[in-house]
Amino acid sequence: MRSIIFWLLCCLTLGLTAQECQISIKGKIIDPHDEIGLQYGLVYIEETRQSYKTDESGQFTIASLCAGSYHLRISHPGCVASKMFLKLDRDTFLTVHLEHHAHLLQTVDISGVKAQFESATSNTIRMHDLTQLSAKPLGSILEEFSGVNTIKNGTNIAKPVIHGLSGNRIGIYNQGIQLASQQWGADHAPELDPFSSQLISLVKGTDAVAYGGNHLGGVVLLDQDKIAKDPHLHGFHSLSYQSNGHQLGFHSTLERSEKKFDWRASIGLKAGGDLKTPEYYLSNTGVREMAGSFYVFKELKPTSIVKNYFSFFHTQLGILRGSHIGNLTDLTAAIGRDTPFFTKPDFTYNIESPSQLVSHFLNKFSWQKQQGSLYKEFNLAAQLNSREEYDVRRKKYQDAPSLHLLLQSYFAEYKIKKESGNRHWQTGIQQKFNHNYNVPGTGVSPLIPNYSWWNSGAFFLYKIKKENVLYEAGARYDFIHYIANIPQRSVSQPAVIKSKTYHNLNSVLGISTQIIKNWEIKLQSGFSTRTPEINELFSFGLHQSVAGIEEGNPGLHTERSFKTILTQSIHGGESWVFEISPYYQWVQNYIYLQPQAEYRLTIRGAFPVFKYEQTDVRIYGFDLTNRVEIFHHWSILNRFSMVEILRQDLRQILVGTPAPQILNSLSYHWEGNKILIHPKIQLTARYVWQRKGIVSEADFLDPPKAYFLLGAEFNSEFRIFNHRLNCILRAENLLNHTYRDYLNRLRYYANDVGRNVSVVLRMEI
Amino acid sequence: MKNFQSIFFYVFICSLILTGITSCHDDDHDHNDEELITTMRYTLLDTAGNSTVVLIFRDVDGDGGNPPEFVVTGQLKQNTYYQGSMQLFNDSVDPGEDITPEILQEGTDHQFFYGISTGLNMSFGYADADANGKPIGLKTILNTGGASSGTLKIILRHQADKNAAGVSNGNPTNAGGETDIEVDFVNLSIQ
């Protein structure tokens, strides 16, 4: 569900001089697609606390207003409400374009370039519009996009998987800056608070080349929305509670347009305890989180602006105690159990070892200048990421982390964009530098060495619209250089310095057209490359989570991929959208972790050795979305996605390939009354098939059985005093079904979480 | 020009914040495996006091790297009572560290298990106790039977559930916890 609001404001002077308190606002709410007026619309004036309905032709009249400033809120059932600030001194006529069928559309991007240059395969979610996403982690928010799954480690650690690819095969960009963190770990969640941003986009097509080279799967963008030119303080506060884990959350965002600059600040807090499966508590799965951001926007001249964004993120995450194992015997014993070891009978908020303590800081400065149709942008950013992982250890070492990494990252870029008529081009150069440092004092040999990483990149993007067809082309070059300081296993030997250099090329071509009025076709083909990640090259040591000894392979080559996506959208009338996008990706030198035939004997017994190897794989699948609106009140959503990652040599499905799944939801929304405004009830059913085709020798445990989850949600707006209160009541896993998910790494040890009822209260100010 | 001033100002601030927090020295001398157990020495003393058998497992460079070595000195005799004592060392650091006192101190968190394969004619019992009266296994009694050979599996579990069924009698099946040591002495013979 997403929506867009287009504003078109026409101020027409109707009277010459308005007498005091005799000013009127007349207007019309229309659907931008067919210019038809929308009945059942509601215009609410915050200052007078009056609301006005639109008639059959979508028109409304507000009479007898005094001169002054007014905040208007325009809403319609099934649409996302829209706000506007007005200085009224005479009779005014408003034309409001409300995107009535907004939630029917998925493939439109509103951030960045104008709608006519939309990349064929990018989608955006406006966080503010989607109250149902409140208090959800980034992983779950991204699941709103078709073709996205999540790899989890429990519930609090979730990483997106786009078209079967994850980790550093996809890029996460916070305010245009690639999140610099230890993304090589499947149990390392992205270190950001999605509610510090207002726009979340998923880019699978050409626009991705403007960001970075390594992203074979796609790019996730989190951005700031514009700050409204409103001199009053606005924003929202939200409070949330989740029954499972008794998790409490608070979030507050405030913004204001000052005389000299505009600002927006946000703060988020979260605290939760042990989660619960239908049968038992998942001991030590609590979470603490604190995040905040401060964004300043200043217009230097009408044509140039500066922006600065600062954010911090701290989290402490408990890892299921029963998943902490010493060797293969422990793993086998843990797999064979009904209830994990160390399961406590009672709930607790306490977090003990094993746990993670992660902090992230980001500061981005941006300068933009417009010269006619030429648009220049200069960005600078610095990030600091600290990751501490605590294991169960002997008391002497209990307070020391087993892993303590400090990553610094610096970034500079210069971009030029030009839009003229039917052409659009963009070019830029980028420079990144990362430095990773193992903080001493862990008492454990580091799995990842200290290293420095340079990346110089340049890209070019060109789009042209001829008649009904949009042609897109993009190319990118990256120079990547690693210098790693590899410690030797023997005490007496000094560390060895190893370096690697890569030259990467990416290119993409796209074409989109409207064959007939209601049938759109978009075709994108791209060649992209990915440099091996630091752990794939140089990791060495015992990796507890895989119960194996992991060995990096410095001889790895770049992954090369060729991907084609064909998206077809059919709009049947105004209330039906059907979209299907099959894709095919061929990856040469796909890097994966291969269990070796050899076992290495240690004091904890024999461990299997895992080495990074390369093979050719084929990835194919399709995403299907179907949205129907019936009688203005009912809407139906069906979403299906499947992906297969096939090893070419063995004709086997790769471990970790997501299982097919289908999501169906039915919602009913109506006008409501004076107290309940635009309420909505939604039922969601999700079915996930069993992952087939994995040979049993490839994994410790066969993929879990298929499962079916039911969810329900009630969502409405209340008007209390002069404040709007949005209330969401949501139940996930309503039937308290016992299941395990293939992409949850804790599936070896425990069931997934049971029923979770959450309440979110959101107050707009 | 004003723009450039602010740009440089921010470059300065950004770099100041981060370099202030981290000063990068790439020395790895501090990354020793301090917690590592490299060496296990199980000494069996004949109760008559006239002979000892020592079973040693040693892997000085830790997990991976060079393979570990097994050393067995002395010969187990038939129908003999032995007093067993277990010692653990970290020899990857210089000087080497005796970890045994640490294990004893955290006795309630540790327990050794001695698994005797069916072929080996031998029985064992615990000869020590932690603060709760449960066995630790640093001190043991071994009683050999007739001539035979087989495998002795020595396990050290951290944070095992000592109250679980069979655990106090030396059966690790229900113990849980993390395995810190699991070493097999194969082809151990009693003559």
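Modeller: What follows is a set of questions on the terms used for this predicted model, each answered from its values.

Biologist: What makes the radius of gyration of chain A agree with that of a compact globule?

Modeller: The globule rule is 2.2 Å times the number of residues to the power 0.38. For 765 residues this gives a value near 27 Å, and chain A has 27 Å, so the two agree. Along its principal axes the C-alpha trace of chain A spans about 90 × 55 × 50 Å, and 49% of its 765 residues count as buried.

Biologist: How is chain A divided into domains?

Modeller: Domain 1 covers 1-104, while domain 2 is made of 218-231 + 269-628. Taken over C-alpha atoms, the centres of these two domains of chain A are 43 Å apart.

Biologist: Why is strand β2 of chain A called largely enclosed?

Modeller: A residue is buried if 20 or more other C-beta atoms lie within 10 Å of its own. Six of the eight residues of β2(A), which comprises residues 23-30, are buried, and therefore the strand is largely enclosed by the rest of the structure.

Biologist: Which residues of helix α2 of chain A are buried, and what puts them on the same side?

Modeller: In α2(A), residues 328-335, the buried residues are D330(A), L331(A) and A334(A). They cover an arc of only 100 degrees around the axis, and therefore they lie on the same side of α2(A). What covers these buried residues includes β10 (178-190) of chain B.

Biologist: What makes V220(A) part of the largest nonpolar core?

Modeller: The largest has 59 residues, and V220(A) is listed with L142(A) and V219(A) as having the most contacts inside it. Not counting residues up to four places away in sequence, V220(A) touches L142(A), P160(A), I170(A), I172(A), Y173(A) and L202(A). Apart from this core lies another, of 30 residues, among them L88(B), F89(B), I103(B) and I136(B).

Key: Residues are numbered from 1 along each chain as its sequence is written. Chains are lettered from A and ligands numbered from 1 in the order in which they are written. This is a predicted model: local features need pLDDT of at least 70, side-chain atom pairs count only at pLDDT 80 or more; totals for chains, interfaces and linings use all residues. A residue is buried if 20 or more other C-beta atoms lie within 10 Å of its own, exposed if 12 or fewer, and partly exposed in between; C-beta atoms are placed from the backbone. Helices (H or I, at least four residues) and strands (E, at least two) are DSSP runs, numbered from the N terminus. The arc is that of the directions from the helix axis to the C-beta atoms. Two residues are in contact if their C-beta atoms, placed from the backbone, lie within 7 Å. Domain bounds come from an automatic or database domain assignment. A nonpolar core is a set of buried Ala, Val, Leu, Ile, Met, Phe, Trp, Tyr and Cys residues joined through C-beta atoms within 7 Å.
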